[in-house]
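I opened the model to look up a few side chains and the way the chain is laid out. My entries follow in the order I made them.

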Amino acid sequence: RVGRARVARELDAWMQTCIIRHEENRYGCTLSPKLFIGVEYVLKHIKTKQQPAMEAQRDKICDAIYLDNYLAAARVEDAETRRRNKGASAPGAGGVMAGAMIGRAGPGGGG
């Protein structure tokens, strides 16, 4: 649900960037050479006639959301891993190296 709201918000912001004001009551669109008498007509034009551009922009927004979610999950996982490793290497906790040395014979094989 949050993703849908973000997609709609960013898509609306993108559509606003596509509007060009030439003169009073004359608006254009960066996606086509047509002129319109109001902003609402430019938005209607973008929504109805520029569907491929809107879909491409929606895909870019969804990719950005996916990347943000992936990086957020990786940060959480990394923090958990560091927290686990920090607890395992504390003094007296044994750790990886201490466990590897138990029961090992020296170079002379005298174990």
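In which helix does Gln 57 lie? I find Gln 57 in helix α3. I took helices as DSSP runs of H or I with at least four residues and strands as DSSP runs of E with at least two, numbered from the N terminus.

Before going on, I noted the conditions. The model is predicted, so I use local features only at pLDDT of at least 70 and side-chain atom pairs only at pLDDT 80 or more, while totals for chains, interfaces and linings use all residues. Residues are numbered from 1 along each chain as its sequence is written, and side-chain values use heavy atoms, with hydrogens and water left out.

**Entry: Gln 57.** Is Gln 57 buried or exposed? I list Gln 57 as buried, because its relative accessibility is 17%. The classes are buried under 20% relative accessible area, exposed over 50%, and partly exposed in between, with a 1.4 Å probe and protein chains only. I then looked up what Gln 57 touches, leaving out residues up to four places away in sequence, and found Leu 11 and Trp 14. A contact here means heavy atoms within 4.5 Å.

**Entry: salt bridges.** How many salt bridges does the count come to? I get four, where a salt bridge is a side-chain nitrogen of Lys or Arg within 4 Å of a carboxyl oxygen of Asp or Glu. Side chains of opposite charge can pair when their charged atoms come close.

I started with Arg 6. Glu 10 forms a salt bridge with Arg 6, and the closest N and O atoms are 2.8 Å apart. Both residues lie in helix α1 (residues 2-17), four residues apart, about one turn of the helix. Asp 68 also forms a salt bridge with Arg 6, again with 2.8 Å between the closest N and O atoms. This pair links distant parts of the chain, with Asp 68 in helix α3 (residues 51-88) and Arg 6 in helix α1, 62 residues apart. I checked cover for each member: Arg 6 counts as partly exposed at 22% relative accessibility, Glu 10 as partly exposed at 28%, and Asp 68 as partly exposed at 33%.

Another salt bridge joins the side chains of Arg 58 and Glu 55, at 2.7 Å from N to O. Arg 58 and Glu 55 are three residues apart in helix α3, so about one helical turn separates them. I list Arg 58 as partly exposed, with a relative accessible area of 26%, and Glu 55 as partly exposed, with 34%.

**Entry: the sheet.** What is the strand order? I read an open sheet of three strands in the order β1-β2-β3, with antiparallel pairing. Two strands pair if DSSP finds at least two bridges between them. β1 (19-23) and β3 (32-36) stand at the edges with a single partner strand each, so one side of each has no neighbour in the sheet. The twist averages 30 degrees from one strand to the next. Strand β2 (residues 26-29) pairs with β3 in the antiparallel sense over three bridges, and the bridge partner of Cys 29 is Ser 32 in β3.

Helix α2 (residues 39-49) lies across β1, β2 and β3 and runs at about 20 degrees to β2. For such angles, axes are lines fitted to C-alpha atoms, for helices over the stretch in contact, and values run from 0 to 180 degrees between N-to-C directions.

**Entry: whole chain.** I count four helices and three strands, and from the N terminus on the elements run α-β-β-β-α-α-α. Buried residues make up 19% of the 111 residues in the chain.
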